[in-house]
Amino acid sequence: MKNKIVYVLALIAVLYLTLLYNLDVMRFLLWFVLLLPIILEIWLTFVSRKIQIPKKKEEKILFQGESYEVKFPVENRSIFPISRIRLKLMIQETMTGNSQQGTMWITADGEKKNWIERSREGLHCGRYLWTMQEVRIYDYLGVFSRKEKRADSFLDVQIFPDIYQLQLDLSLDGRIQETEEAEYEENRPGDDVSEIFQIRPYRGGDALQRIHWKMTAKEDELMVKDYGAPKGAHLLLILDFFPEQELTEGCMDDYLSLAASLSYSLMTHGIVHEVLWRKDSEWSRIRVSEEKDTFEFLSGMLRTSFIKGNSMDTENLEWIYREGKHKLIYRLDQNLCLFQQDNLCMDFSKISKDDWDKQWIIL
């Protein structure tokens, strides 16, 4: 708007001087100033069709405190360099539902694919979706512009929390044994390659990797292996996070870090367990037996939209207890208090985060 006002003032000044002096050069200048908007509009129409910003979405995974690059190509297929392109961006955080808008000014050399790079630090945990909402191209004077409305999500960033190796005392009353043998379902196969459920004739669609070659040679027909299906875990970790206030960026950093540390530490002690949390209006559950499972449940948490509410009510807890699938049930509430059933095991809110891995936790 400022540049347009300057243009109008310049036009008035040239018109005044032309009327005052009545010179050929002033009349030529007046015509030039009058035709300038038309020339610039034609130029903008041409170059705007030659600018391409791909709609491909990139995914990044990093840990809290690490930096990442916001990088995307802007291809200018015209011969004209463009000195002013304004991008309107929106960054939305999934867990809190909060979003922020920003503006990025870029340039694009002619007949070239220009790579735009900006560095950003992952200060807080969460899933951040970057969306390009508008591309506006300006002329060389910054007076006129041409815009294109967009709604392209071009970057999906998952920032995981710090994970600590906690000191767990798992031998109390012999309730959990670190060397506990795996138990398998008796009536259905699964995907655990360490246990064979049955050997049967080949059926169309069976994977070639499951062919049992020794039995095939013996039976003179293709025989395949069905693997075992481990039974449910003996320990359940309930993530009872129902914030009493509206969520703000960074408010879940400590909670996610503690939840991941508990799950990871159980896994490294050989304790197969399940993690349960409320996702929207349903319950999400994942079995954790190896490291990738911990990150899978973390990814699921980052994709959950948490809303303001109360902690788990008695009815929800009784339903979980009645399942009877787990020998031990632990619950981590939003105040960083860890409970076994209704008994408080440890209040982590009273311990510095840097000292979490120095405290013995008796389960």
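## Cysteines

At 27% relative accessibility, Cys345 lands in the partly exposed class, the one between buried (under 20% relative accessible area) and exposed (over 50%), using a 1.4 Å probe and protein chains only. Cys125, by contrast, is buried, with a relative accessible area of 3%.

## About the model

This is a predicted model: local features need pLDDT of at least 70 and side-chain atom pairs count only at pLDDT 80 or more, while totals for chains, interfaces and linings use all residues. Residues are numbered from 1 along each chain as its sequence is written, and side-chain values use heavy atoms, with hydrogens and water left out.

## The chain as a whole

The chain has six helices and 18 strands; these are DSSP runs numbered from the N terminus, with helices being H or I of at least four residues and strands E of at least two. Of its 363 residues, 44% count as buried.

Take the contacts (heavy atoms within 4.5 Å) between residues at least 6 apart in sequence: 69% of them join residues at least 24 apart.

## Helix 1 and helix 2

Helix 1 (residues 2-21) and helix 2 (residues 24-48) have axes that come within 9 Å and cross at roughly 155°. Axes here are lines fitted to C-alpha atoms, for helices over the stretch in contact, with angles from 0 to 180 degrees between N-to-C directions. The two helices are therefore roughly antiparallel, the label for angles over 145 degrees. Their crossing is left-handed, meaning the near helix is turned anticlockwise from the far one by less than a right angle; clockwise would be right-handed.

On the helix 1 side, the contact residues include Tyr7, Leu11 and Val14, and they meet a helix 2 set that includes Met26, Arg27 and Pro37. By class, that contact has 12 nonpolar residues, one polar and one charged. Nonpolar covers Ala, Val, Leu, Ile, Met, Phe, Trp, Tyr, Cys and Pro; charged covers Asp, Glu, Lys and Arg; the others, Gly among them, are polar.

## Helix 4 and helix 5

Next up are helix 4 (residues 253-268) and helix 5 (residues 291-302), whose axes come within 9 Å and cross at roughly 160°. That makes them roughly antiparallel to each other, and their crossing is right-handed.

Key:
Parallel < 35°, antiparallel > 145°, perpendicular 65-115°, else oblique.
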